[in-house]
Amino acid sequence: QVPELENATVRMKNPECVKERISSLRREGTGKLQVISDFDMTLTRFGFNGQRCPTSHNIIDNSRAISEEGRKKLKALLHHYYPIEIDPYRTVEDKLPLMVEWWTKAHSLLSQQKILKSDIAQMVKESEVMLRDGFNTFFDQLQQGNVPLFIFSAGVGNILEEIIRQAQVYHPNVNVVSNYMDFDDDGVLRGFKSPLIHTYNKNNTVLENTEYFQQLSARTNIILLGDSMGDLTMADGVANVHHILKIGFLNDKVEEQRLKYMDAYDIVLEKDETLDVVNGILRYIL
Ligand code: TMP
Ligand code: MG
């Protein structure tokens, strides 16, 4: 069926169930399918040569547009809140207000930095961001199969869009919901548009504009891609889900989080920097 499922990075709690679901997705055809994916650390790499790769926020933090002082403060926020974000021993309810705090503080710091709209493309060019290996095949397969790709990100929409534009994979079947920058008439950043999207509200509460999913109401089969426990609710905007296959990248704190991820995601990819497994499944289905 899909040889990539034998890769050493793959973990499944119920392999039979996964095989059945993949068969159903293939049998019911591409006209019924849509893909919903997270961005940072799901479509982009978590690490390269032992170094962490940047999130869309980090790309701004590390850029020349930010003062040394600003960068220090943003790093301090990351060091404080990221361990909370991924802490397997805290509940989502417990984390939620803290994530709002992180995003609010970070966005407020960024808004004090006189970032120009015209800086964005250069920021991305000079950054160390990398899409996961196999990204070309992933985006191209979906476009050729006429399968819509919905990118649901708590990162920065302007940066994310620029990354996929520069990689030449921002095809017409791609739709993005994320945090967008708000610029004044001179093109200077003055804030972020609402609603605020953070790791743990990627669900119906921010999908007020469900027109997208209404248009796709016939596409009741879903492949969901994420790297966080917060990504599991990203398909909540779809009214009638027939089959859903959840694929989770487990990047960090692998031992501690393994069981939780295996319970929540149908397929868990441990320290896998590629889209090979996803591409293998798509090749079989499309
Ligand atoms: P995602 O939903 O596209 O994965 O993006 C959310 C990630 O962004 C999340 O893992 C935390 C990260 N983040 C930063 O790296 N820096 C920040 O300042 C903030 C607010 C979030
Ligand atoms: Mg992510």
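Glycine 280 is found in helix H10 of this predicted model. With 20 C-beta neighbours inside 10 Å, glycine 280 counts as buried, because the threshold is 20 or more. Glycine 280 and proline 3 are separated by 277 residues in sequence, yet their C-alpha atoms are 7.4 Å apart in space.

**Overall architecture**

- The protein comprises ten helices and eleven strands. Its radius of gyration is 19 Å, close to the 19 Å that the globule rule gives for 286 residues, so the protein is as compact as a globular protein of that length.
- The C-alpha trace spans about 55 × 40 × 35 Å along its principal axes.
- Buried residues make up 42% of the 286 residues of the protein.

**Surroundings of ligand 1**

- Ligand 1 is surrounded by 16 residues, of which the closest are Asp40, His57, Ala106, Ser153 and Ala154. Two or more residues of this shell come from each of helix H2 (56-61), helix H3 (68-86), helix H4 (92-111) and strand S5 (149-156).
- Sorted by class, the shell around ligand 1 holds seven nonpolar, six polar and three charged residues.

**Helix H3**

- The 19 residues of H3 should span 27 Å at 1.5 Å a residue, and this agrees with the 27 Å between its end C-alpha atoms.
- H3 has a kink of about 25° at histidine 80, shortly before proline 83.

- Strand S9 (residues 221-226) is mostly covered, with six of its six residues buried.
- Both faces of S9 are covered: Asn221, Ile223 and Leu225 are buried on one side, as are Ile222, Leu224 and Gly226 on the other.
- Strand S2 (residues 33-37) pairs with S9 in the parallel sense over five bridges. Within this pairing, isoleucine 36 has leucine 224 of S9 as its bridge partner.
- S9 also pairs with strand S10 (residues 243-250), again in the parallel sense, over six bridges. Here the bridge partner of isoleucine 222 is isoleucine 244 in S10.

**The loop between S11 and H10**

- Leucine 275 is located in the loop between strand S11 (267-270) and helix H10 (276-285). It counts as buried because it has 26 C-beta neighbours inside 10 Å.
- Lysine 271 is partly exposed, with 13 other C-beta atoms within 10 Å.

**Backbone features in other loops**

- The peptide bond from serine 194 to proline 195 is cis, with omega near 0°. Proline 195 is placed in the loop between strand S8 (189-192) and helix H8 (211-215).
- Methionine 41 has a phi near 70°, a positive value in a residue other than glycine. This residue is in the loop between S2 and strand S3 (47-48).
- Methionine 41 counts as buried, because 21 C-beta neighbours lie inside 10 Å.

Key: Residues are numbered from 1 along each chain as its sequence is written. Chains are lettered from A and ligands numbered from 1 in the order in which they are written. This is a predicted model: local features need pLDDT of at least 70, side-chain atom pairs count only at pLDDT 80 or more; totals for chains, interfaces and linings use all residues. A residue is near a molecule or strand if its C-beta atom, placed from the backbone, lies within 6 Å of it. Helices (H or I, at least four residues) and strands (E, at least two) are DSSP runs, numbered from the N terminus. Ala, Val, Leu, Ile, Met, Phe, Trp, Tyr, Cys and Pro count as nonpolar, Asp, Glu, Lys and Arg as charged, and the others, Gly among them, as polar. The expected span of a helix is 1.5 Å times one less than its number of residues. The bend at a residue is the angle between axes fitted to the seven residues ending there and the seven starting there. A residue is buried if 20 or more other C-beta atoms lie within 10 Å of its own, exposed if 12 or fewer, and partly exposed in between; C-beta atoms are placed from the backbone. Two strands pair if DSSP finds at least two bridges between them. The radius of gyration is taken over C-alpha atoms; the globule rule is 2.2 Å times the number of residues to the power 0.38.
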